[in-house]
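Subject: Structure for you to look at

Hello,

I am passing on the structure we talked about. Please open it and keep it beside this email while you read.

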Amino acid sequence: MFLNKKSTFKEIPAILGIVIYACYINWISGSMGFIPIDSFGWLDTGFSILKDKLPLRDYWIFTGLLLDYMEAFFILIFGNNWTSHLMHASFMNALISIVFYFFLKKIGFDQKFSIFYTISLATLCYPVSGTPFAYLHSYIFSLIAIFILLFASKSCKNITWFILPLICFFAFLSMQTPSSYLILIIILFSLIYFIKTKNFENLKYFFIGGITSILILFIYLKISSTPLENFIYQYILFPLTIGEERILSSSVAYVSLSDQLNIKRIFGDFKFIHFFLIPLLLLSIINFKKNKFEINFLNFLIIFTALILIFNQLITANQIFIFSLIPVIAAILHKNILNYNSSQNITWIIIFLVVFATIKFHIRYNIDRKFHELEHVDKSKAIDGFNIHENLKGLKWINKFDQDPKEEVRTIKNAIEVIKNDKRNKILITHYQFFSTILDEDLNILNRWYLWDNNTHPTENHKYFEFYKKMVNKNVKKNNIQVVYLLGQNNDFLLKNVSNYFTDVCFKSKTLEKKRFSMHELINCETK
């Protein structure tokens, strides 16, 4: 798409090098430690799809629909193991790296600068997590959509305008934010392009691509027998309540926007992004009338993209994951400086700052693993996940909650044996979302994550709780559930948190390991 066939053939050595590096750097990072609620997401849900238990229809999700199916694909091809999980994330890191490389080549960079900025992006993008993460998928597909829009505005090819809405669709099915914000930006800048160029042939294909995306969604819902209301409640209405609470700074919000609006947060945490964004903004404004439409379109689209992503980062409850914007904005600033024939010293300052920022955040996030809150954990104590099960081979088992992993490993191995030997129909509620893949058994998961603050699913004080409760009870009856297992760390999974999901059911409970592991048989309340 970005280069002709002859040029692409010449790029094969660079492409292979970038792919190998992007996969390797993510693989190394993703293998070191974990945070239970984030690192194991999509392993069991992806596996469930292969057992004909589908997201939205059979278990609650509020994001990451596309990730579930991508995970299922990687598990199908490479097996039920940690390797498949890492390959999924590494693929995404390689994908954005290759697209960015071709984009840089298309806007006029030579190979050495294109490779330089691409390596920086590959270092700072997916490796901050290392394992599949919905925000990063959405971020990556959104960036790809931005690059395709810029390419489409330059090439005017109908196929590119048709593909653009499909990539936006992938971004939205990964995570509603930041994709929703950036889709609005893409629509706005596309309209500016159509009005400026009066290229209504491109507009027609852009519209057809959008209609095709909507049709794909409805065809999926029809084929999978997923009620439309499930999609609306889980993927639209419930996430809106989370965003509304955060933006309006509700007292029940996990993080509020008003708390984030301070100098330290806005400028301190994103200072390396601002080092390039502010000069680019000033240059773009000063030279707005001098610049051609093409360079203005490029500059302001990247500027608005960066601002939207910073805003989105402020209202999320996650560590910062947008440092890979640094090489993107730096490259566009570099492009502007080349256009103005400015001193080469400025270019070398940009390169030095990009190198410094890349090394700094590589150490902090990829080596120290700040994203998973492992920067103060003694990683030398990590043990290979193979000690739990061969499916987890390659994972260096350490996390901030159990900094002596031997005890945690013992608990999990015990839980695996207990659940494996229980032949009844069962539900497992845990953050260790890999039990289904290890046991090769459908454990009838209720949802991907379990927090009791209305940030992963509705709890009893939420307006959509009854819909969630109805879905849980349908799951219980359809699968003839006889027992529920709760597995966590230090009493983070208690029966009182989940018992109100069940209708007309009582429990006969047994603690299998204090504060960690318990069994709750479903019984008739009259015989309790």
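This is a predicted model: local features need pLDDT of at least 70, side-chain atom pairs count only at pLDDT 80 or more; totals for chains, interfaces and linings use all residues.

Helix α2

Helix α2 covers residues 12-31, which makes 20 residues. Several residues of α2 are buried, among them Ala14, Ile15, Ile18, Ala22 and Ile25. The buried residues also include Asn26, Ser29, Gly30 and Ser31, towards the end of the numbering of α2. Just after this helix comes glycine 33, which has a positive phi of about 75°.

From phenylalanine 34 to tryptophan 397

Phenylalanine 34 is in the loop between α2 and α3 (36-39). Its ring pairs with that of tryptophan 397; the centres are 4.3 Å apart and the planes are at 55°, a tilted arrangement. Tryptophan 397 belongs to strand β2 (residues 396-397), so this pair ties together parts that are 363 residues apart in sequence. Are the two partners buried or exposed? Phenylalanine 34 has a relative accessible area of 0%, and buried means under 20%, so phenylalanine 34 is buried. Tryptophan 397 is also at 0% and therefore counts as buried.

Other aromatic residues

The structure holds 59 aromatic pairs. One aromatic cluster includes Trp42, Trp60, Phe62, Tyr233, Phe238 and Trp449. Elsewhere, lysine 360 lies over the face of phenylalanine 361, at 5.7 Å from the ring centre.

The second largest pocket

The second largest pocket holds about 360 Å³ of space. Its lining is made of 15 residues, and those nearest the centre are Pro165, Ile183, Gly210, Ser213 and Ile214. The elements that each give two or more residues to this lining are α9 (158-174), α10 (176-197) and α11 (200-223). Which element gives the most? That is α11, with eight residues. By type, the lining has 13 nonpolar residues, two polar ones and no charged ones.

Regards

How values were computed. Residues are numbered from 1 along each chain as its sequence is written. Side-chain values use heavy atoms; hydrogens and water are left out. Helices (H or I, at least four residues) and strands (E, at least two) are DSSP runs, numbered from the N terminus. The expected span of a helix is 1.5 Å times one less than its number of residues. Buried means under 20% relative accessible area, exposed over 50%, partly exposed in between (1.4 Å probe, protein chains only). On a 1 Å grid over the protein atoms alone, a cavity is a set of points where a 1.4 Å probe fits but cannot get out, and a pocket is an open set with protein on both sides within 12 Å along at least five of seven lines; lining residues have an atom within 4 Å of a point. Grid points are joined across faces, edges and corners, and a volume is the space filled by probe spheres set on the points. Ala, Val, Leu, Ile, Met, Phe, Trp, Tyr, Cys and Pro count as nonpolar, Asp, Glu, Lys and Arg as charged, and the others, Gly among them, as polar. Rings of Phe, Tyr and Trp (its six-membered ring) pair if their centres lie within 6.5 Å; planes under 30 degrees apart count as stacked, over 60 as edge-to-face and the rest as tilted. A charge sits over a ring if NZ of Lys or CZ of Arg is within 6 Å of the ring centre and within 35 degrees of the ring normal.
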